[in-house]
Amino acid sequence: MELGLIGLGRMGGNMAQRLLRGGHRIVAYDASPQALAATAAHGASSASSLADLVKKLAPPRAVWLMLPAGAITEQAIADLSPLLSKDDVILDGGNANYKDSARHAAELSPKGIHFLDCGTSGGIWGLTEGYCLMVGGDPIAVKRLEPIFHTLAPAPDRGYAHVGPAGAGHYVKMVHNGIEYGLMQAYAEGFALLEAKEAFALDLPRIAELWRHGSVVRSWLLDLNAAALKDNPALEGIAPYVDDSGEGRWTVQEAVDLAIPAPVITLALQERFRSRQANSFADRLLAAMRNQFGGHAIKRTSS
């Protein structure tokens, strides 16, 4: 099957390789000549522009975007849609907000262009392990692209599902990432407790490896924990700063909008915010209050 692919970062480039290995034809475009050349070296056809990419695809076309959510994806869809024809498909595989995806589908529908949103999980391991694909959109367009989804998934019968109408794919991926926040925070807190019990001199890499087999807390995230601790048991050189890419915030906001309690995910998100505060005003004020009501000592900064 033939597919246009826009966005050849690490994940997009890996997806292109997996599809090429599966016998699909890829016409690729990226603003980076280096990324484009790297994908072409694996057998993809290169396009010099969006117009060139569309020209090199036979109708009905399918164009997959693997771009950062927000302005870059918005601009790509705005530039791409006038070049496409009735029955063509635009598929967004990035981490877009599900409301934006539903809007794109509604805007493109009068032109006869299908818009699919594909929540994509698998990260840098997707090339070898396959991707989990959560697809939203028109069932006919989804069915047409199933050979692509089956190749990208871990196996033809698992790791891919059409989860609902336009927007549903990114909604399911949003909640998926919110759950991921909570799981990651729980592992981090548990291993912090193990590390703090100095009297036992616990071997964290060994415990992580132990839990990977037969334990009810085994998971792929635990596998990654084990790998990280094996490589760097004391986590030397890693700053205690945890970023977020938006899906956790959207999940928490959705919980508020639907009045659904989500305390674990919410607190995990807040802990990420906290990790970025090198000189927390709130913590300094807490110290000042303890001094005011109880005369507790205040630790002074060196400056």
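Asp 231 is exposed, with a relative accessible area of 67% (exposed means over 50%, buried under 20% and partly exposed in between, for a 1.4 Å probe and protein chains only). The model is predicted, and local features need pLDDT of at least 70, side-chain atom pairs count only at pLDDT 80 or more, and totals for chains, interfaces and linings use all residues. Residues are numbered from 1 along each chain as its sequence is written, and side-chain values use heavy atoms, with hydrogens and water left out.

Asp 231 belongs to helix H11 (residues 220-231); helices (H or I, at least four residues) and strands (E, at least two) are DSSP runs numbered from the N terminus. Between Asp 231 and Pro 205 the C-alpha to C-alpha distance is 8.8 Å, at a sequence separation of 26 residues. The loop between H11 and helix H12 (247-258) contains Leu 235, whose phi is positive, near 55 degrees, in a residue other than glycine. Leu 235 is partly exposed, at a relative accessible area of 40%. A positive phi of about 55 degrees is also found at Ala 259, which is not a glycine. Ala 259 is placed in the loop between H12 and helix H13 (263-275) and counts as exposed at 63% relative accessibility.

Eight strands form an open sheet with mixed pairing, in the order S3-S2-S1-S4-S5-S6-S7-S8 (two strands pair if DSSP finds at least two bridges between them). Strand S3 (45-46) and strand S8 (160-164) are the edge strands, each pairing on one side only. Strand S4 (residues 62-65) pairs with S5 in the parallel sense over four bridges, and Ala 62 stands opposite Val 89 in S5. In strand S5 (residues 89-92), Val 89 and Leu 91 point one way while Ile 90 and Asp 92 point the other way, and all are buried. Strand S7 (residues 132-136) and S8 run parallel and are joined by four bridges; Leu 133 has Tyr 160 in S8 as its bridge partner. The loop between helix H3 (50-55) and S4 holds Pro 60, which is joined to Pro 59 by a cis peptide bond with omega of about -5 degrees.

The largest nonpolar core has 30 residues, and those with the most contacts inside it are Ile 26, Trp 64, Leu 116, Leu 133, Phe 149 and Leu 152. A nonpolar core is a set of buried Ala, Val, Leu, Ile, Met, Phe, Trp, Tyr and Cys residues joined through side-chain atoms within 4.5 Å. Helix H1 (residues 10-21) gives the largest share of this core, four residues. Apart from this core lies another of 19 residues, among them Val 27, Val 54, Leu 57 and Ile 77. Not counting residues up to four places away in sequence, Ile 26 touches Leu 3, Leu 5, Ala 16, Leu 19, Leu 20, Ala 44 and Ser 45 (contact means heavy atoms within 4.5 Å).

A search of the whole structure finds one cavity of 30 Å³ or more. On a 1 Å grid over the protein atoms alone, a cavity is a set of points where a 1.4 Å probe fits but cannot get out, and lining residues have an atom within 4 Å of a point. The largest cavity holds about 40 Å³ of space, the volume being that filled by probe spheres set on the points, which are joined across faces, edges and corners. Its lining consists of Gly 70, Thr 73, Glu 74, Asp 92, Ala 96, Asp 100 and His 104. Helix H4 (71-80) and helix H5 (98-108) each supply at least two residues of this lining.

Technical notes: 1 Å grid on protein atoms, 1.4 Å probe; cavity = no way out; pocket = protein on both sides within 12 Å on 5 of 7 lines; lining within 4 Å.
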